Amino acid sequence: MKLGAGLPAKGLRGRTCSPNVVPVRKRWPGWQPRRAAARDAARGRLLAVGAGLLATSALVITARSRARSRAGQLADRYAVALKQLGGDELDVRIGGICVLERVARDSPGHHPAVMEMLAAFIRECSRQHWPPADPGGQARQRSPRPDVQAAITAVGRRITERDLEPVDLAGADLAGADLAGAVLAGAILARADLLAATLIRADLSGADLGGARLTGANLNGADLTDADLADADLAGADLAGATFTGAELTGALWPVDGPVPAGWERHTGSGQLIAASTGADGAQPHQR
């Protein structure tokens, strides 16, 4: 038997090695730098995401702050304009109307309230004749007050898609008013006084003009499709190019020299229109 037989063998450097132990291999030189680079890249991505989230949050906060500020400014402008509308000075009232119109355009939410306020102003203030009576002077042609005309103009060029209710001008005195090109589709103008008013190319489709006074009005090219003109006074009105398709004309007083729309006839006694099927000679004028 040899000396040292059965004893575990020693390693290359004289250390005892177990036959069951696998020597650990050395890691290759580039491993640690690549691991550090990957770690740095991950940190960079996290920082970029965090910065993006912070920037987005800042934008959202800024947008909300601006929206609140804008809403507050609109509310302030609306409140000031309402005070101006009730002012004593004519130019102050006109200024308030201009501000209200801008508020209605800038804020869809304010639009219905602004239009309702302007319509109420027109109904209440249009009865004051303008220009004021001149004692001992000649009678002057009637026309709306300048502030009432400003309100009418604002209503006539509103953004109709924002309407929640029809414009209510029932009974308003709009004699001599300038409503050329005004959009009053579906408006309530029943019993309104539109004596000698200018309604050239106005959109009055579906409007309620029952019993309205349109004597001498200029309706050249106006759209009155499906409008209610029952008992309206159109004597002396200029109806050249006006459209009356589907309009209710029962009892309407028609211009003597104006062509009667298809489906209607002039009652021989009263001059009011009646349905053609009734017969122009034997029918009675419409009583509303």
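How many cavities of 30 Å³ or more does a search of the whole structure find? The search finds one, in a model that is predicted.

**View 1. The largest cavity and its lining.** The space in the largest cavity comes to about 50 Å³. Its lining takes in Ser-126, Gln-128, His-129 and Trp-130, then Arg-142, Ser-143 and Pro-144, and finally Asp-173, Leu-174 and Ala-175. By residue class, the lining of the largest cavity holds four nonpolar, four polar and two charged residues.

View 2. Helix 4 spans residues 146-156 and is largely enclosed by the rest of the structure, because nine of its 11 residues are buried. Buried here means under 20% relative accessible area. The buried residues of helix 4 are Asp-147, Val-148, Gln-149, Ala-150, Ala-151, Ile-152, Ala-154, Val-155 and Gly-156. These buried residues pack against two helices, helix 2 (90-106) and helix 3 (111-125).

**View 3. Helix 3 packed on helix 4.** The axes of helix 3 and helix 4 lie 9 Å apart, at an angle of about 145°. The crossing of helix 3 with helix 4 is left-handed. On the helix 3 side, the contact is made by Met-115, Leu-118, Phe-121, Ile-122 and Cys-125. Helix 4 contributes Asp-147, Val-148, Ala-151, Ile-152, Ala-154 and Val-155 to the contact.

Key:
Residues numbered from 1 in each chain as written. Predicted model: local features only at pLDDT ≥ 70, side-chain atom pairs only at ≥ 80, totals over all residues. Heavy atoms only, no water. 1 Å grid on protein atoms, 1.4 Å probe; cavity = no way out; pocket = protein on both sides within 12 Å on 5 of 7 lines; lining within 4 Å. Points joined across faces, edges and corners; volume = space filled by probe spheres on them. Nonpolar A, V, L, I, M, F, W, Y, C, P; charged D, E, K, R; others polar. Buried < 20%, exposed > 50% of the residue type's maximum accessible area, 1.4 Å probe, protein only. Helix = DSSP H or I, 4+ residues; strand = E, 2+ residues; numbered from the N terminus. Contact = heavy atoms within 4.5 Å. Axes fitted to C-alpha atoms, helices over the stretch in contact; angles between N-to-C directions. Left-handed = near helix turned anticlockwise from the far one by under 90°.
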